[in-house]
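Please work through each task before reading its solution.

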Amino acid sequence: FWPYGYNSFYCDITPFLNPEGQDNELRVRLENRPQSSRWYPGAGLYRNVWLIETSKVHIPVWGTYITTELRSSMRQAAVNIRTEVEGITTEDIIALITEIRDAAGSIVTSVESLTGASEASAQGGIAVLNQKVTVEQPSLWSPENPSLYTAHSKVYTQTPDGKRELVDTYTTTFGIRSIEVRPETGFYLNGVNRKFQGVCLHHDLGPLGAAINVSALRHQLTMLK
């Protein structure tokens with residue numbers, strides 16, 4: 001059950017699956033209750049529904065958290081990556097390799113971490129790995145140059161003799177930029193004073209309907225920009 005259709009959510013249905021070899025039926029149902037909106041949004045699912053299948057050892061949904069810090073007059077960025085890995089047993093050794101790629105898909109830096117089951121047992125089979133990398137001469141995000149980086153996380157299980165098996169991959173998109181608020185003059189992005197400009201925008205897209213339409217939304221935002 002989820003009461004608000006505009007926020008993303010997920011649920012783990014593993015405990016409800018039938019034993020191996022038996023079919024499973026998955027239903028997604030919407031209840032369009034009276035007075036659930038102050039305008040007429042139609043009835044139905046407005047956004048995508050995904051079925052995600054993972055290995056037992058995996059990075060959960062929203063399992064990564066990335067922060068950036070600019071240094072040396074914005075010529076260098078420290079990227080901090082916090083990653084959760086679930087499903088670890090007492091026998092598991094986990095290796096996490098994270099590659100940072102630029103907008104063109106080229107690898108700019110990478111980092112590797114190892115964790116043992118003893119480090120995860122206290123957290124109910126969940127390990128938290130903190131990694132830090134440095135990006136030289138970063139392409140800074142701004143409205144005029146919305147340059148984005150991508151963290152590609154790869155999770156391996158490792159045997160005592162060093163043999164590895166890839167069990168999960170996870171991708172996180174992020175921008176590198178500095179944010180500052182000065183009481184006297186306001187908001188600064190990458191050292192430049194900026195003013196916020198926005199509109200009150202409904203999602204209905206007129207005669208196209210309320211279901212998500214990526215190309216129409218992109219066209220709408222481009223016109224606003």
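A residue is buried under 20% relative accessible area, exposed over 50%, and partly exposed in between (1.4 Å probe, protein chains only). The model is a predicted one, in which local features need pLDDT of at least 70, side-chain atom pairs count only at pLDDT 80 or more, and totals for chains, interfaces and linings use all residues. Residues are numbered from 1 along each chain as its sequence is written, and side-chain values use heavy atoms, with hydrogens and water left out.

**Exercise 1.** Classify Leu26 as buried or exposed, and state which patch includes this residue.

*Solution.* Step one: Leu26 has 53% relative accessibility and therefore counts as exposed. Step two: Leu26 lies in the segment before strand E1 (64-71); strands are DSSP runs of at least two residues, helices of at least four, numbered from the N terminus. Step three: together with Val28, Leu30, Leu45, Val49 and Leu51, Leu26 makes a nonpolar surface patch of about 590 Å². Such a patch takes residues with over 30% relative accessible area and no salt bridge, joining nonpolar side chains (Val, Leu, Ile, Met, Phe, Trp, Tyr) within 5 Å and like charges within 9 Å.

**Exercise 2.** Describe the salt bridge between Arg194 and Glu144, and the accessibility of each residue.

*Solution.* Step one: the two side chains meet at 3.0 Å, N to O. Step two: Arg194 sits in the loop between strand E10 (192-193) and H2, whereas Glu144 sits in the loop between strand E5 (127-136) and strand E6 (149-158). Step three: Arg194 is partly exposed at 24% relative accessibility, while Glu144 is exposed at 59%.

**Exercise 3.** State how many salt bridges the structure holds, and which residues form a network.

*Solution.* The structure holds eight salt bridges. Glu99, Arg101 and Lys154 are linked in a network of them.

How values were computed: Accessible areas come from the Shrake-Rupley method with a 1.4 Å probe; for residues, only the protein chains shown count as cover. A salt bridge is a side-chain nitrogen of Lys or Arg within 4 Å of a carboxyl oxygen of Asp or Glu.
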